[in-house]
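This briefing is intended to be read alongside the sequence and the coordinates.

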Amino acid sequence: MQLAANAMKFTRDHDAIRVGTADGGSTAAIWVEDTGPGVPPGDAEHVFGRFARTRSDDHSASGAGLGLAIVKAIAEAHGGTAKVTSPPGSGARFEIIIPTARSGGSTT
Ligand SMILES: Nc1ncnc2c1ncn2[C@@H]1O[C@H](COP(=O)(O)OP(=O)(O)OP(=O)(O)O)[C@@H](O)[C@H]1O
Ligand SMILES: [Mg+2]
């Protein structure tokens, strides 16, 4: 929900937002991608930090900069990761990847 809320917040009216899932066998992914302005080069590694914000020019983009830090914490609590890919001019794709039960762990 946080990724979808961000996609709504940081895109413009004509942009597209897509949400999906992927079964990677030993991992499961939930992704949200948009055709908005994307995350500026160099900021991708910072946006998951607490109070990290990159874009103050959007009139509707209010926020504390905590949403992605919480997304990352939840993903990591499940043994997984959260990441963003944002090629310049191609929007942004945020992804949560968590290991599935099939990937090992307790056998009891
Ligand atoms: N889909 C996106 N497109 C472009 N930039 C994004 C996108 N999602 C997040 N960001 C950037 O990452 C920053 C951090 O996002 P995060 O969700 O942590 O904070 P926020 O949305 O600004 O505030 P909060 O979630 O606390 O209300 C945002 O301020 C924005 O600069
Ligand atoms: Mg947010």
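**Fold, core and ligand shell**

In this predicted model, the order of elements along the sequence is α-β-β-α-β-β. The protein accordingly contains two helices and four strands. Of its 108 residues, 19% are buried.

**Overall organisation**

- Among contacts between residues at least 6 apart in sequence, 50% join residues at least 24 apart.

**Helix H1**

- Helix H1 spans residues 2-9, and its buried residues are Leu-3, Asn-6 and Ala-7.

**Nonpolar core**

- The largest nonpolar core has 13 residues, of which Val-47, Val-84 and Phe-94 touch the most other members.
- H1, strand E3 (81-85) and E4 are the elements that give two or more residues to this core.
- The greatest contribution to this core comes from E4, with three residues.
- Leaving out residues up to four places away in sequence, Val-84 touches Val-39, Ala-44, Val-47, Ala-92, Arg-93 and Phe-94.

**Surroundings of ligand 1**

- Ligand 1 is surrounded by 22 residues, and the closest are Asn-6, Arg-53, Gly-63, Gly-67 and Leu-68.
- The elements giving two or more residues to this shell are H1 and H2.
- Sorted by class, the shell around ligand 1 comprises eleven nonpolar, seven polar and four charged residues.

**Leu-66 and its loop**

- Leu-66 is located in the loop between strand E2 (27-34) and helix H2 (67-77).
- Leu-66 counts as partly exposed because 15 other C-beta atoms lie within 10 Å, whereas a buried residue would need 20 or more.
- Setting aside neighbours within four places in sequence, Leu-66 is in contact with Arg-50 and Phe-51.
- Ala-52 is 14 residues from Leu-66 in sequence, and their C-alpha atoms are 7.2 Å apart in space.

Definitions and conventions
Residues numbered from 1 in each chain as written. Chains lettered and ligands numbered in written order. Predicted model: local features only at pLDDT ≥ 70, side-chain atom pairs only at ≥ 80, totals over all residues. Buried ≥ 20, exposed ≤ 12 C-beta atoms within 10 Å, placed from the backbone. Contact = placed C-beta atoms within 7 Å. Near = placed C-beta within 6 Å. Nonpolar A, V, L, I, M, F, W, Y, C, P; charged D, E, K, R; others polar. Core = buried A, V, L, I, M, F, W, Y, C linked by C-beta atoms within 7 Å.
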